[in-house]
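Visitor: I am new here. Could you walk me through the labels, one at a time?

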Amino acid sequence: MAKRLQTFSIAILSLMAITAVAADCDSGNDCFQKADEALITGNYEQGFELANQGCDKGNADSCAAVGTMYQLGRGVAQDIEQANRHLEQACELGSGDGCAVLASVYLSGQGVAQDLDKAYSMAANGCNVDNAIACMLLGSMQLSGQGSTQDIEAGQANLDKACSMEPLVCPSIEQIRDAAKQAGVIQ
């Protein structure tokens, strides 16, 4: 009996400590910073709770984190519908990451019906807030005419923009350009 009470007490104290930490954020940005710290240390459940609070307080990055966690099933059960809802909210709040992930989801049709118009719109929104991945997706779609009328000049410009913002995407951009050359879209 004493052993059970001790185990129960430890569980209650642990829960209180997690709740106290999770509730200890004043603003959306503060919640996101604390969620990021929790996620870096592998505490996905606490990171989810803090990011969710940040999202409720209107922090775009927190909403993107919640959406990604739902998408991957980290710290919460995987739920593609909730993932997309939070990623869309993140994009509407100005998260380039949220826009880029959602553009990729709609472009590939992962867990949703493929929707090239939505993918294009999300990529454009993300590129407008200087997200390199979103600009790369947008440029690729513009070269191929996916989700909009083909626009070679704009596609090339957005691929250049992506590469100048984030050199790590440059090799992927070269692959996109090589494929466009092989298809006869660009020279």
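**Reading the labels**

Guide: Start with Cys170. Its relative accessible area is 17%. Buried means under 20%, so Cys170 is buried. Bear in mind that this is a predicted model.

Visitor: What makes Cys163 partly exposed?

Guide: Cys163 has 23% relative accessibility.

Visitor: What is a disulfide in general?

Guide: A covalent bond between the sulfur atoms of two cysteines.

Visitor: How many disulfides does a search of the whole structure find?

Guide: Five. Count the bonded cysteines along the chain, and the pattern reads 1-2, 3-4, 5-6, 7-8, 9-10. One of the disulfides joins Cys25 to Cys31, with 2.0 Å from S to S. That link is right-handed, at 75 degrees about the S-S bond. Both of its cysteines, Cys25 and Cys31, are buried.

Visitor: What joins Cys91 to Cys99?

Guide: A disulfide, with 2.0 Å from S to S. The link of Cys91 and Cys99 is right-handed, with 95 degrees about the S-S bond. Cys91 and Cys99 are both buried.

Visitor: Why is Gln142 called buried?

Guide: Gln142 has 6% relative accessibility. The label needs a value under 20%, so Gln142 counts as buried. Find Gln142 in helix α8, which covers residues 132-144.

Visitor: What makes the pair of Gln142 and Asn158 a polar contact?

Guide: The two side chains come to 2.8 Å. A polar contact pairs N or O atoms within 3.5 Å. The value of 2.8 Å meets that limit, so the label applies to Gln142 and Asn158. Leaving aside neighbours within four places in sequence, Gln142 is in contact with several residues, including Tyr120, Gln150, Ile152 and Asn158.

Visitor: Is Asn84 buried or exposed?

Guide: Buried. Asn84 has a relative accessible area of 8%. Asn84 sits in helix α5, residues 80-92. Beyond four places in sequence, Asn84 is in contact with Leu102, Val105 and Val112. Between the C-alpha atoms of Asn84 and Tyr106 there are 9.6 Å, and along the chain 22 residues.

Visitor: Which residues have the most contacts inside the largest nonpolar core?

Guide: Met136, Leu143, Leu159, Ala162 and Ile173, in a core of 25 residues. At least two residues of this core come from each of α5, α6 (96-108), α7 (116-128), α8, α9 (152-165) and α10 (170-182). Helix α8 gives the largest share, seven residues.

Visitor: What does Leu159 touch?

Guide: Not counting residues up to four places away in sequence, Leu159 touches Cys135, Met136, Gly139, Ser140, Leu143, Ile173, Ile176 and Arg177. Another core, of 17 residues, lies apart from the largest one. Among its residues are Cys31, Phe32, Met69 and Tyr70.

How values were computed
Residues are numbered from 1 along each chain as its sequence is written. This is a predicted model: local features need pLDDT of at least 70, side-chain atom pairs count only at pLDDT 80 or more; totals for chains, interfaces and linings use all residues. Side-chain values use heavy atoms; hydrogens and water are left out. Helices (H or I, at least four residues) and strands (E, at least two) are DSSP runs, numbered from the N terminus. Buried means under 20% relative accessible area, exposed over 50%, partly exposed in between (1.4 Å probe, protein chains only). A polar contact is a pair of N or O atoms within 3.5 Å; within protein, one must be able to donate a hydrogen and the other to accept it, and residues adjacent in sequence count only if both atoms are side-chain atoms. Contact means heavy atoms within 4.5 Å. A disulfide is a pair of cysteine sulfur atoms within 2.5 Å. A nonpolar core is a set of buried Ala, Val, Leu, Ile, Met, Phe, Trp, Tyr and Cys residues joined through side-chain atoms within 4.5 Å.
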